[in-house]
Amino acid sequence: MPELPEVETTRRGIEPHLRGRTIQKLIVRQASLRWPVSATLVRRIKHAHIEQVSRRAKYLLICTNSGTLVIHLGMSGSLRIVRDNAPPGPHDHIDMLVGDNTTLRYRDPRRFGAWLWTEDKLESHPLLCKLGPEPLSDNFSGSYFFNRSRGRKLAIKSFLMDSHVVAGIGNIYASEALFRAGIHPSRAAGRISRQRYTKLADAVKQVLSEAIRQGGTTLRDFSNGEGKPGYFQRSLNVYGKTGEPCPVCKTPIRETRTGQRSTFYCPHCQR
DNA sequence: AGAGGTACCTGGCAGC
DNA sequence: TGCTGCCAGGTACCTC
């Protein structure tokens with residue numbers, strides 16, 4: 001479900017309800033996520049004071065005075081604010097009670113997500129330290145992209161989705177950005193010109209900021225912190241549109257697989 | 001070092 | 001209706 005725009009939408013949805021609050025306790029109903037939810041986390045997070053809710057790549061960072069809670073939504077995770085002790089559903093694995101009748105509730109049917117606790121510097125965290133630049137920052141540009149790609153033979157789509165190259169671009173937005181940049185998803189990353197990388201970097205920034213503005217893409221059941229859906233699926237040009245006419249040239253959209261992931265493109269517009 | 005495959009897990013859907 | 005197989009928005013880790 002969640003790519004960068006969905007995680008950012010979630011962050012914006014929950015932040016006002018969490019910032020400045022003191023965590024009363026964590027209720028873990030199902031501890032086996034991607035990594036087990038540790039007893040240390042449950043113990044250490046109690047009484048922590050939330051200073052801010054930020055994001056790095058697709059990781060949500062709940063920063064407190066005593067440490068940072070690192071949350072990843074995996075493939076099917078979602079967070080929302082619930083009140084009045086609303087009864088948990090079957091996949092509501094964790095509740096974080098923050099007082100004043102407010103609970104942050106984590107739901108994750110596939111359990112690919114993660115809840116981790118760290119008291120070290122975030123820059124040295126093993127999951128965060130090797131990530132590429134944020135795509136919406138100035139550190140991410142066509143030149144950076146071009147330089148990183150020299151000598152690489154893998155498909156541009158896989159390169160674009162490598163979080164160590166640039167953080168936070170998943171399967172939906174990779175297809176969409178390549179369509180906007182007119183680049184064929186199977187083209188070798190090392191054989192794309194600097195100019196085309198400039199176009200691609202712009203397309204990535206454009207597609208992600210538009211998606212954030214529209215509250216993300218809701219394909220199955222994504223919703224922001226208040227349970228509202230995202231609307232970017234209306235703006236999708238190629239993702240999931242196999243056989244439908246390309247919005248630019250009317251050629252039927254094709255589907256292929258790159259690195260075991262479905263990929264959508266227009267065979268006429270993308271070279 | 002780079003490229004590709006595997007693993008984690010459940011739910012929904014198409015096809016028989 | 002009910003079974004089977006396949007697919008799904010992620011990514012660390014393994015092998016070649």
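**Figure 1. Right-handed crossing of helices α5 and α6.** In this predicted model, α5 passes α6 in a right-handed crossing. The axes of α5 (residues 171-181) and α6 come within 8 Å of each other and cross at roughly 130°. The two helices are therefore oblique to each other. On the α5 side, the contact is formed by Y173, E176, A177, L178, R180 and A181. On the α6 side, it involves K199, L200, A203, V204, Q206, V207, L208, E210 and A211. By class, the contact of α5 with α6 comprises 10 nonpolar, 1 polar and 4 charged residues.

**Figure 2. Packing of helix α3 against helix α6.** Helix α3 spans residues 142-149 and packs on α6 at an angle of about 125°, the axes lying 8 Å apart. This angle makes α3 oblique to α6. The crossing of α3 and α6 is right-handed. From α3, residues G142, S143, F145, F146, N147 and S149 take part in the contact. Their partners in α6 are R194, Y197, T198, L200 and A201. The contact of α3 with α6 contains 5 nonpolar, 5 polar and 1 charged residues.

**Figure 3. Packing of helix α1 against helix α6.** The view shows α1 (residues 4-18) and α6 (residues 194-213), which pack at an angle of about 35° with their axes 9 Å apart. Their crossing is right-handed. In α1, the contact residues are L4, P5, E8, T9 and R12. These meet L208, A211 and I212 of α6. Sorted by class, the contact of α1 with α6 has 5 nonpolar, 1 polar and 2 charged residues.

**Figure 4. Protein residues around DNA strand B.** Of the atoms of DNA strand B that come within 4 Å of the protein, 56% belong to sugar and phosphate. The protein surface near DNA strand B is made up of 3 nonpolar, 2 polar and 4 charged residues.

Key. Residues are numbered from 1 along each chain as its sequence is written. Chains are lettered from A and ligands numbered from 1 in the order in which they are written. This is a predicted model: local features need pLDDT of at least 70, side-chain atom pairs count only at pLDDT 80 or more; totals for chains, interfaces and linings use all residues. Side-chain values use heavy atoms; hydrogens and water are left out. Axes are lines fitted to C-alpha atoms, for helices over the stretch in contact, and angles run from 0 to 180 degrees between N-to-C directions. Helices (H or I, at least four residues) and strands (E, at least two) are DSSP runs, numbered from the N terminus. A crossing is left-handed if the near helix is turned anticlockwise from the far one by less than a right angle, and right-handed if clockwise. Contact means heavy atoms within 4.5 Å. Ala, Val, Leu, Ile, Met, Phe, Trp, Tyr, Cys and Pro count as nonpolar, Asp, Glu, Lys and Arg as charged, and the others, Gly among them, as polar. Angles under 35 degrees count as roughly parallel, over 145 as roughly antiparallel, 65 to 115 as roughly perpendicular and the rest as oblique. A residue is near a molecule or strand if one of its heavy atoms lies within 4 Å of it.
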